[in-house]
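Subject: the structure I promised you

Hi,

Here is the structure we talked about, with the sequence alongside. Have a look at it first, and then read on for what I found.

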Amino acid sequence: EEQKRLLENRPDQPQNPKVLRIAIIGAPNAGKSTLSNQLLGRKVFPVSKKVHTTRCKARGVITQEDTQLIILDTPGLTNPLKAKRHNLDEAMLTDPWDSMKHADLVLVLVDVSDHWTRNALSKEVLKCLSQFPHIPSVLVLNKVDILKKKFLLLEIVADLTEGIVNGKKLEVKFALKQDSSSAAKSPLQITQASPPESKVPGSPCGQEKHQAQEGSSLDKSSDAGGAGTGEAQGPKRYGPEDLKDMKGWPHFQEIFMLAALRGEEVDTLKRYLLMQAKPGPWEFHSDVLTSQSPQEICDNIIREKVLEYLPLEVPYGVTQVTEIWEEGGCGELLIVQSLLVPRESHKRMLIGRGGKVISRIAREAGQDLMNTFLCDVHLKLKVEVKS
């Protein structure tokens with residue numbers, strides 16, 4: 001009831017409110033929801049190693065002093081063929097595009113640990129960026145901690161940016177560390193080609209060499225603008241023919257490198273986002289963390305565990321029905337949910353030998369719900385074959 005009231009009532013407004021709407025796009029399983037949760041500081045979006053865990057767009061809200069960041073966590077960009085294979089509804093194809101229409105800034109997330117996809121943006125991502133060239137975009141390289149050969153980041157950055165960031169050609173240098181024990185440190189130095197005197201003192205890249213864990217941001221020249229600026233005439237529009245030969249996007253304004261799961265360098269990105277906010281009214285009350293209802297959060301968290309512990313395509317056919325949602329006298333929450341599966345064999349898989357699988361799902365989902373709702377949660381799950 002409280003969440004409903006906060007979402008329906010007019011939001012509170014500070015003296016000079018600022019706002020920034022951020023669309024996070026990328027291939028399925030790049031870590032968009034993990035990054036969103038880390039930015040929010042609480043788990044409100046489902047996370048799983050399986051693709052298409054996020055099934056619809058949901059908003060996360062970060063309110064700090066006079067600034068509100070609205071994160072549009074979107075399903076991974078996919079094509080109709082893959083959508084059909086995973087039994088995905090139409091929203092999975094349209095939601096990322098809708099999010100772009102409302103965004104002030106786009107974060108393009110790339111999983112650098114995936115050697116199959118890391119050196120080129122997917123056609124869906126490029127198509128999305130080319131449809132909205134006026135919206136400033138930032139490249140975020142995720143899972144940098146997993147990449148053992150850090151020098152590969154040079155190649156990845158060059159490929160994903162077509163060698164251009166903020167309208168300037170990149171110079172990439174490999175700064176070798178003397179201390180071999182500092183394997184976690186990023187041996188990467190990226191600067192933009194420009195006269196030495198135009199470098200901004202104390203710019204992120206200079207500090208990166210000494211202190212960054214897995215994070216990095218570009219060194220900016222004095223004439224490089226923030227998220228609201230681009231080249232004077234703005235990026236040109238790209239047609240299907242142009243995109244055919246492109247691996248990257250030459251209009252990124254910044255590059256960040258982080259490890260979202262471990263939270264490394266997420267604060268650096270968050271500070272940057274807060275700085276990009278522009279004057280404008282808040283959309284949500286300062287107490288709101290997400291646009292989702294508690295029931296939607298609950299469904300998503302249970303679904304995440306089902307995806308995690310069931311093989312192959314099986315979990316995509318599970319339907320969830322909440323039978324009981326009650327608050328107890330001491331503020332505890334009792335939830336009973338039925339998981340409907342299409343076949344008897346799926347039911348046996350979901351229950352597991354001696355009920356081990358379903359018990360584990362209930363236990364882990366219950367713990368996540370406690371951490372999200374900050375109250376005791378008693379969760380019971382039943383498995384039935386769809387009639």
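A quick word before the details: this is a predicted model.

Let's begin with strand 4. Seven of its seven residues are buried, so the strand is largely enclosed by the rest of the structure. Side chains in a regular strand alternate between the two faces of the sheet. In strand 4, Leu 105, Leu 107, Leu 109 and Asp 111 point one way, while Val 106, Val 108 and Val 110 point the other way, and all are buried.

Which strands does it pair with? Strand 1 runs parallel to strand 4, and five bridges join them; Gly 26 is the residue opposite Leu 109 there. Strand 4 also pairs with strand 5, again in the parallel sense, over six bridges. In that pairing, Leu 109 stands opposite Val 140 of strand 5. To get from strand 4 to strand 5 the chain passes through helix 5, and this β-α-β crossover is right-handed.

Now for the inside. The largest nonpolar core has 40 residues, and Val 108, Leu 121, Leu 129, Leu 141 and Trp 249 are the ones with the most contacts inside it. Several elements give two or more residues to this core, among them strand 1 (18–26), strand 4 (105–111), helix 5 (123–131) and strand 5 (137–142). Helix 6 supplies the largest share of the core, five residues. Apart from this core lies another one, of 27 residues, including Ile 22, Val 140, Leu 269 and Leu 274.

Leaving aside neighbours within four places in sequence, its contacts include Leu 121, Leu 126, Leu 129, Pro 133, Leu 160, Ile 164 and Tyr 238.

Is helix 6 mostly covered or mostly open? It is mostly covered, with eight of its 10 residues buried. Those buried residues are Leu 152, Leu 153, Leu 154, Ile 156, Val 157, Asp 159, Leu 160 and Thr 161.

Asp 159 has 18% relative accessibility, so it falls under the 20% cut-off and counts as buried. Its side chain meets that of Lys 247 in a salt bridge (3.6 Å, N to O). The pair links distant parts of the chain, since Asp 159 is in helix 6 and Lys 247 is in the loop between helix 8 (240–244) and strand 9, 88 residues apart. Lys 247 itself is partly exposed, with a relative accessible area of 40%.

How many salt bridges are there in the whole structure? A search finds 12. Here are two others to look at:

- Lys 43 and Asp 368: their side chains meet in a salt bridge (2.9 Å, N to O). Lys 43 lies in the loop between helix 2 (32–40) and strand 2 (58–64) and Asp 368 in helix 12 (residues 356–373), so the pair ties together parts that are 325 residues apart in sequence. Lys 43 counts as partly exposed at 23% relative accessibility, whereas Asp 368 counts as buried at 14%.
- Asp 111 and Lys 143: here the side chains meet at 3.3 Å, N to O. Asp 111 lies in strand 4 and Lys 143 in the loop between strand 5 and helix 6, so this pair ties together parts that are 32 residues apart in sequence. Asp 111 is buried, at 12% relative accessibility, and Lys 143 is partly exposed, at 21%.

The salt bridge between Lys 43 and Asp 368 also belongs to a network: salt bridges that share partners join Lys 43, Glu 304, Lys 305 and Asp 368.

Finally, a hairpin. Strand 11 (residues 319–327) and strand 12 (residues 333–341) run antiparallel and are joined by eight bridges. Thr 319 has Leu 340 as its bridge partner in strand 12. Five residues lie between the two strands of this hairpin, and in the turn Gly 331 has a positive phi of about 85°.

Cheers

Note on methods: Residues numbered from 1 in each chain as written. Predicted model: local features only at pLDDT ≥ 70, side-chain atom pairs only at ≥ 80, totals over all residues. Heavy atoms only, no water. Pairing = 2+ DSSP bridges. Helix = DSSP H or I, 4+ residues; strand = E, 2+ residues; numbered from the N terminus. Core = buried A, V, L, I, M, F, W, Y, C linked by side-chain atoms within 4.5 Å. Buried < 20%, exposed > 50% of the residue type's maximum accessible area, 1.4 Å probe, protein only. Contact = heavy atoms within 4.5 Å. Salt bridge = Lys/Arg side-chain N within 4 Å of Asp/Glu carboxyl O. Right-handed = clockwise from strand over helix to strand, strands pointing away.
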